[in-house]
Amino acid sequence: MVHSDSDPPLLNHYGTLLCHSTQWDEPQTRVTMEECQLPLIDLCDLGSDDEMVRRACAAAICKASSEWGFFQVVNHGISSQLVDKMRCEQVKLFRAPFETKATSGLLNNSYRWGSPRATCPNQFSWSEAFHVPLTKVSDEACYGDFKSLREVMTCFAAAMSELSRLLAGILTENLGNWKQASISNICDETTCFLRLNHYPACPISPEIFGLVPHTDSDFLTILCQDQVGGLQLMKDSKWVTVKPNKDALIVNIGDLFQAWSNDVYKSVEHKVVSNATTDRYSIAYFLCPSYDSLIESFVKPSIYRRFTFREYREQVQEDVRKTGYKVGLPRFLLKGSEDLTTTTTESNTRLYIPSITAKS
């Protein structure tokens, strides 16, 4: 669906990159990707009176985080009514005129589109987004004429925050109790983000990314997507397409959890492919620490050197600025740890079974 006055000038930017780029691969016909069903976990089991059921659910979360880096959850506590309201408000927001989105300071002036630092077509994302700090979600001044969005978005952000802490608590307990307290100490609403994504239909080429291949620079991400599809992830050294599930939220491990866990959990490369005829919408919640938080592995020998979140973000931004691409965790490998990565990962994938108390 085309909304000529609301969509950003993606085609103009892309065309400029085509004209000036010397780093463009030969055009390819889109290959039909294998469709995968992510591990499906029913969080209702965490509230079971049967301790073995609770422990099995927690173990499934940890196993999926280790083997896939992605999983989906149902009975997650976020009602379908709230999701539908949030989606309706999101669509209204993105259908506003482009100039309104780009210049009126909406949602903490967090609007972005395309890929400003792209130097070739392969670095370009055919999308637009609002990347909103949680501290601004309830700020009435951020919404302009979109007053009805505020109440819904505040409720949605709170629900996603609660779910992220539940899952992070299970994952950190699996790494040992000494990590348990620190996740809540370093991640709060001053450090986390909610990102509203819109991927306009892109009829010009099947090879244009909606979002370029990347890993997430956080602890974990929770994604609420529509049924259009387009999310792909790297599994067993090949790209696979994630089948949408209208009842599920998708959870993926970020770079910081991979470093913290010494590669027990996997931050997996993923991307969004564009759709020729249909707009796609999604909302992502990013569980991030404070900038000065120290990230270090929970066992020795450590694969990665210690670093702060600020240092990590600055290195990522520098790499993107210089090359157009994120490098991420490989920049923080300790000398000689390349040889340790395989053996350490194999030894650490033994999963502990956390003791989960039934939810009231």
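What follows is a tour of this protein, from the overall picture down to a few single residues.

A word on ground rules: this is a predicted model, so local features are taken at pLDDT of at least 70, side-chain atom pairs count only at pLDDT 80 or more, and totals for chains, interfaces and linings use all residues. Residues are numbered from 1 along each chain as its sequence is written, and side-chain values use heavy atoms, with hydrogens and water left out.

Start with the big picture. The protein has eleven helices and 15 strands; these are DSSP runs numbered from the N terminus, with helices being H or I of at least four residues and strands being E of at least two. Of the 360 residues, 53% are buried, where buried means under 20% relative accessible area, exposed means over 50%, and partly exposed lies in between (1.4 Å probe, protein chains only). Take the contacts (heavy atoms within 4.5 Å) between residues at least 6 apart in sequence: 80% of them join residues at least 24 apart. The accessible surface comes to about 16600 Å², and 51% of that belongs to carbon and sulfur atoms; these areas come from the Shrake-Rupley method with a 1.4 Å probe, and for residues only the protein chains shown count as cover.

Now for the sheets. Strands of a sheet pair through backbone hydrogen bonds, either parallel or antiparallel. Here, two strands are called paired if DSSP finds at least two bridges between them.

α7 has 28 residues and reaches 42 Å from its first C-alpha to its last, close to the 40 Å expected at 1.5 Å a residue; the expected span is 1.5 Å times one less than the number of residues. After α7 comes G176, with a positive phi near 125°.

Helix α2 (residues 51-67) is worth a stop as well. At its start, a side-chain oxygen of D50 reaches to within 2.9 Å of the backbone nitrogen of M52. Buried residues of α2 include C57, A58, I61, C62 and S65, and the helix's buried residues pack against β2, β3, α7 and β11. An α-helix has 3.6 residues a turn, so residues three or four places apart point the same way. G69, with a positive phi near 80°, follows α2.

On to another open sheet, this one of five strands in the order β1-β10-β9-β12-β7, again with mixed pairing. β1 (34-36) and β7 (209-214) are at the edges, each with a single partner strand, so one side of each is left without a neighbour in the sheet. β1 and β10 pair in the parallel sense over three bridges, with E35 opposite T241. Four of the five residues of β10 (residues 238-242) are buried, so the strand is largely enclosed by the rest of the structure. β9 and β10 pair in the antiparallel sense over four bridges and form a hairpin with two residues between them, where D236 in the turn has a positive phi of about 55°.

Let's finish on one residue of that hairpin. M234 sits in β9 (residues 231-235), opposite W239 in β10. Is M234 buried or partly exposed? With a relative accessible area of 25%, M234 is partly exposed. Not counting residues up to four places away in sequence, M234 touches W239, V268 and E269.

Technical notes
Polar contact = N/O pair within 3.5 Å; in protein donor to acceptor, adjacent residues only side chain to side chain.
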